[in-house]
Amino acid sequence: MTAADRSSRGTRPGDLVDRLGDPGRAWFVARAFLILYGVELWLNAVRNRPPGGDGGPALLILAPGYGVHRVTFWAFVACVPAVVLTKLVARRSGRANRWRWAAVALALLPFALPSLDALATNPLWVLACVPTTGFALWTVHRSQSYVRVPPPVLLAAFAWGLLPAFGFAAATGVLGRLTALATRRSAEPLGADPVSAAADIAGDVQHLMAWHSGIGEELAKAAGILLLLRYAGRHVHDAVSGLAVGAAVGLGFNLGETVLVTSQGDAAFQFYARQGVGLFAAHTAFSALVGAAAGLTRRLASERDRRTAVVGAVVAAVGANVAAGTLPPWLTHLLDLEGAGDLVRTLVLTPLWIVVVQGTVILAVLRVRRAGLRRQAAAMATEVTGEAATGRGAITEADVPLLLDPAARTRREITTLRRDGWRPFRALSRLQAAQFELATRRWLATTDPPADPPADPQAAAGTDADADADADADAEIEHLRRRVLELRGAARPASPDVAR
Amino acid sequence: MYGSAVPERGGDGDRARAGQAPREVRLLAEAGRIGALLLGLTLMVDVAWFDDPSRPEEVRRGPGVPTRPAAPATTPAPRPTPPGPSPSDAGNCLDELPPDLPTSPPSGYPTDRPWPPFSICPDGAP
């Protein structure tokens, strides 16, 4: 977050997220979801016009058997006037922003329904996914060696991936599939019996759906990253933090998809592929790359660099997603491996195709993370040492070696947990997190990219906004120092050397 | 700030002076190029292979392909319960479909006629 952004958003020291204010960007995303879903419905209706055919619904999604997707359709129909009404109330209300946020929630609600339905109807598979997905989230959190995105922000990212992103992808995916079917069989009265026809020729449109899903899924997940960048931007400030948020979005999406797919058959294999060998690949890796690019834009001064980073990440994510739906069966055919046994397919081919098709994206994620961590390490070395030199006591000279050595910190945490128990361990973790937060604020305050030059010359002449932003940054750093000192005081009684 | 004209502490000062993007940006650009290659390859495969009628049925079917589950992409379509034959089929139904009924119509079959030409009879129907 730039100093100018911070000032304009009215962030106060100690806020977990930026003060929400007008939901401009959230409304943009919610409106985009509604419009895209509406376009899918329109295509569905237009393509489903059998020449001379009769009977059957005008919209294939209304055919019997589509359960939650029909509910989603009616929720969409109901939410549009509700959203318009809420927006009208917002114009006349003294609490306009609250009503606007309510409109955003209403607009996104239909897209949470497919996910909620999948979770509610498959509780055992949800339970089965808790250990694996929980472990992955914990790994993502711990992989940030210095300053870490707070768990509530990470969980918000996870929730976006699980609910609106996955639900939107599922809802539009079904519509897209039916539209493709209607297009494929335009000479037949598909509308009279769309379900049988869908089952009959599903394979004919499978490759089309790889494109539809690949693009739709990645954009739905990226929308969540965009929102977190806007509303929790103080914690998503570079490639490493962005990567963590993106990975959390991907893990949420992966959980929704796992639960849905395992409930439709071949459950053990699907669970193994999505919660086992593919847990850190696929959606997790694709969104991590987009998140890393989004976070990186906070630290880039050049517009061209920002554009290159974001476009590169999105193209890589979409490309790998589309390819992952098409290339494995083609490679299997090409190498004449269709006759391979279950064991070979499970233990050899599945991981092999992940490496072959998604390996480059996974490698890119690891390399971007390593480069980001190196940059953080260099910045922390400067800022931790600099803060210790101020003599204010938030970071002491004795703290420096431990803070700058992630492995030593982990060892100290384990020792504290084993020797002193949970409370001292938590106190130590919170103290070190606050110390890194302080060092990071110092880093960001000295390296914020300059704000775009104002168009108004009079505004350019005035440096009041910059001065205010600097004052805000100083106030926040001072607030963080006090917080570290409070935590140090709380940690000390439990263990005298807990901070060292 | 990375890649700025102004060098920063712990930043890419030298690289910025040389007009070069930061390492992370170059890595992401490289990933984007590979992503574009994957898209191109997928398109070629779609055009050259998926329209090939000789491709194996189990591969053409997509969702049932054993190797596909590793792919994250496509959200499978629901498997709805067939709603039963429409009234217009009532005079042209069977107790059960022949097991060897092909999934697609034979060549020469009129394109404006539904396939299969009959359906399962509703309960009680002759």
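**Exercises on a predicted two-chain model**

**Exercise 1.** State how many helices and strands chain B has, and in which order they occur.

*Solution.* Chain B of this predicted model contains three helices and two strands. Followed along the sequence, these elements give the pattern α-α-α-β-β. As to burial, 33% of the 126 residues of chain B count as buried. Turning to contacts in chain B between residues at least 6 apart in sequence, 38% of them join residues at least 24 apart.

**Exercise 2.** Determine where in chain B the confidence is lowest and where it is highest.

*Solution.* Next, consider the separate elements. Helix α2 (residues 23-50) of chain B has the highest confidence, at a mean of 91, whereas helix α3 (residues 57-60) of chain B has the lowest, at 42. Finally, look at the stretches where pLDDT stays under 50. One covers residues 3-11 of chain B, with 28 contacts beyond four places in sequence in the model. Another covers residues 56-91 of chain B, with 102 such contacts. For the model as a whole, the scores are ipTM 0.86 and pTM 0.80.

**Exercise 3.** Describe how chain A is divided into domains and how these domains touch.

*Solution.* The division gives domain 1 (22-379) and domain 2 (391-448 + 465-491) of chain A. The C-alpha centres of these two domains of chain A are 36 Å apart. At their contact, six residues of domain 1 of chain A meet seven residues of domain 2 of chain A. On the domain 1 side, the touching residues comprise three nonpolar, two polar and one charged.

**Exercise 4.** Decide whether A:V77 is buried or exposed.

*Solution.* First, locate the residue: A:V77 belongs to helix α3 (residues 67-92) of chain A. Then apply the count: A:V77 is exposed because 11 C-beta neighbours lie inside 10 Å, and 12 or fewer count as exposed. Lastly, the C-alpha atom of A:V77 is 9.5 Å from that of A:G38, a residue 39 places away along the chain.

Key: Residues numbered from 1 in each chain as written. Chains lettered and ligands numbered in written order. Predicted model: local features only at pLDDT ≥ 70, side-chain atom pairs only at ≥ 80, totals over all residues. Helix = DSSP H or I, 4+ residues; strand = E, 2+ residues; numbered from the N terminus. Buried ≥ 20, exposed ≤ 12 C-beta atoms within 10 Å, placed from the backbone. Contact = placed C-beta atoms within 7 Å. Domains from an automatic or database assignment. Nonpolar A, V, L, I, M, F, W, Y, C, P; charged D, E, K, R; others polar. pLDDT = per-residue confidence, 0-100.
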